[in-house]
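Hi everyone, and thanks for making the time. I'd like to walk you through one model this morning, so please have the viewer open.

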Amino acid sequence: MSPRPYKQLPQYNVDEDDDQRHPNPARLGVKRVFLHLIFVATVMYLAYVGVRTVSRSAKVRLGAPCRGVQRNLSSLPTHYTLPSGDKIPAVALDRPVQASGKPTGEKSEKPSRQRSRLVTGTSTALGSIGRNEKEVGQALRESGVPRDQVWLTSKLWNTFHAPEDVEHALDESLRNLDTEYLDLYLIHWPIAFKKGSNNELDPELTANPYPTWKKLEELVDKGKVRNIGVSNFNIPRLRNLTANPLKYKPAVNQVELNYWNPQPELLKWAKENNLLLEAYSPLGSNKQVKETLQVPEVQAIAKELNITPAQAIISWHVQRGTVVLPKSVTASRVIENFHVVRLPDDLFDKLEKAATSHPPQRVLNPSKNWNLPFDVFDDDGGVIVPDENDSGERSGAQGWRAGATAV
């Protein structure tokens with residue numbers, strides 16, 4: 001496959017996952033699960049397109065009673081255009097799988113070690129990480145879904161950040177998935193472990209991910225990856241990486257975003273730097289979902305627009321300009337999640353204000369489990385943080401150097 005060079009970065013038009021990558025023997029049931037999910041996703045997408053087409057012409061949401069005057073709402077984007085020109089779905093289905101191959105009922109607040117992601121894209125898209133890749137690849141082959149209608153995302157695990165290990169890790173994913181390329185490849189965490197260790201920190205590659213990134217750029221040029229990005233990077237770590245002479249800037253940063261942890265500063269920085277955020281846990285943790293859907297501002301939006309509270313939250317995410325990864329095991333709810341509408345400015349502003357007016361509550365933070373001497377989100381962990389003059393010095397694990405700005 002010939003390399004696909006990136007285009008100059010455009011403005012957007014609206015613009016967990018962990019796995020040790022040591023596959024266990026194939027598990028019965030995984031293939032069956034994914035074949036079922038691919039079928040559900042295809043049906044879901046066709047239904048979604050039909051609903052959007054009809055609702056655009058009728059200006060009224062199908063299935064909802066007429067309650068007085070309906071607001072004339074414009075549509076939200078179904079996709080975002082990445083720097084490469086590829087279009088990534090604005091709403092996707094976050095789909096965890098247990099070691100048994102059965103869908104999980106809940107997402108663990110600790111880093112999960114078995115996860116795959118089913119996403120609806122142009123027709124159907126599917127991403128995978130680690131242990132389920134062979135089963136995902138087989139399920140895709142048997143589904144008959146064309147490769148160009150599948151969005152495949154995978155992530156580089158912490159123990160493979162050394163430049164000499166990156167391509168080998170990717171090649172293993174490509175073999176398992178039986179594909180020539182990935183649509184998106186992300187550095188899973190801004191933390192590097194020494195290969196073969198039990199979470200032993202590699203301080204140099206953690207402080208300076210540029211060698212890892214340069215290897216990812218080579219993989220783009222080889223045609224093995226179409227888009228590259230990061231996950232769980234905060235602003236100092238993004239500034240640390242992008243201060244280097246990058247050939248390709250990160251296209252995506254997949255992070256936790258929800259009502260309880262809206263990260264407005266990160267979102268603002270990302271928009272200013274043409275970086276697309278992808279929201280995992282968009283409704284909060286499983287323990288937070290019920291509370292999220294009962295937020296007064298969410299209820300008010302749902303009532304006025306005749307949509308569900310979940311649709312209100314997902315619409316808010318897309319209107320903020322982010323990719324959304326909601327999770328559901330129910331086909332009807334999956335279809336429901338894809339029916340997003342633009343919120344009137346006053347309702348959007350009220351929800352945004354409510355979300356950003358309380359102390360943030362993060363769901364996923366593996367810092368203690370990994371015995372890190374710093375918090376992966378609140379401290380830079382010894383990275384080189386550029387100042388306004390693009391110069392910087394190494395800061396320690398316990399805090400910022402004098403004159404640096406904590407964000």
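This is a predicted model: local features need pLDDT of at least 70, side-chain atom pairs count only at pLDDT 80 or more; totals for chains, interfaces and linings use all residues.

Let's begin with helix H5, which covers residues 210–221. Its 12 residues reach 17 Å from the first C-alpha to the last, close to the 16 Å expected at 1.5 Å a residue. Which of its residues are buried? They are Tyr-210, Thr-212, Trp-213, Lys-215, Leu-216, Glu-217, Leu-219 and Val-220. Do notice that Lys-215 and Glu-217 are on that list. As a reminder, an α-helix has 3.6 residues a turn, so residues three or four places apart point the same way.

What do those buried residues pack against? On the strand side, the partners are S5 (153–156), S6 (184–187) and S7 (228–231). The helices they pack against are H3 (163–177), H4 (203–207) and H6 (235–242). After H5 comes Gly-223, with a positive phi near 85 degrees.

Now zoom in on Leu-216. Leaving aside neighbours within four places in sequence, Leu-216 is in contact with Val-166, Tyr-185, Ile-187 and Ile-228. Leu-216 is also among the residues with the most contacts inside the largest nonpolar core, together with Ile-88, Tyr-185, Trp-189, Ile-191 and Trp-213. That core has 70 residues. There is a second, separate core of 18 residues, and it includes Tyr-259, Val-295, Leu-351 and Ala-355.

Next, the second largest cavity, with a volume of about 60 Å³. Its lining is made of 11 residues, and nearest the centre lie Pro-190, Thr-206, Pro-209, Phe-233 and Arg-237. H4 and H6 are the elements that give two or more residues to this lining. By class, the lining has 7 nonpolar, 3 polar and 1 charged residues.

On to backbone angles. Most residues other than glycine have a negative phi. Here are two that go the other way. Asp-178, in the loop between H3 and S6, has a positive phi near 55 degrees. Ser-281 sits in the loop between strand S9 (276–280) and helix H8 (286–293), and its phi is positive too, near 50 degrees.

Are these two buried or exposed? Asp-178 is partly exposed, at 47% relative accessible area. Ser-281 has a relative accessibility of 8%, which is under the 20% cut-off, so Ser-281 counts as buried.

Asn-253 is in strand S8, residues 252–256, and its relative accessibility is 0%. Beyond its neighbours within four places in sequence, Asn-253 is in contact with a list of residues that includes Val-230, Ser-231, Asn-232 and Phe-233. Leu-275, Leu-276, Leu-277 and Glu-278 are also among its contacts.

Ala-302 counts as buried at 8% relative accessibility.

How values were computed: Residues are numbered from 1 along each chain as its sequence is written. Side-chain values use heavy atoms; hydrogens and water are left out. Helices (H or I, at least four residues) and strands (E, at least two) are DSSP runs, numbered from the N terminus. The expected span of a helix is 1.5 Å times one less than its number of residues. Buried means under 20% relative accessible area, exposed over 50%, partly exposed in between (1.4 Å probe, protein chains only). Contact means heavy atoms within 4.5 Å. A nonpolar core is a set of buried Ala, Val, Leu, Ile, Met, Phe, Trp, Tyr and Cys residues joined through side-chain atoms within 4.5 Å. On a 1 Å grid over the protein atoms alone, a cavity is a set of points where a 1.4 Å probe fits but cannot get out, and a pocket is an open set with protein on both sides within 12 Å along at least five of seven lines; lining residues have an atom within 4 Å of a point. Grid points are joined across faces, edges and corners, and a volume is the space filled by probe spheres set on the points. Ala, Val, Leu, Ile, Met, Phe, Trp, Tyr, Cys and Pro count as nonpolar, Asp, Glu, Lys and Arg as charged, and the others, Gly among them, as polar.
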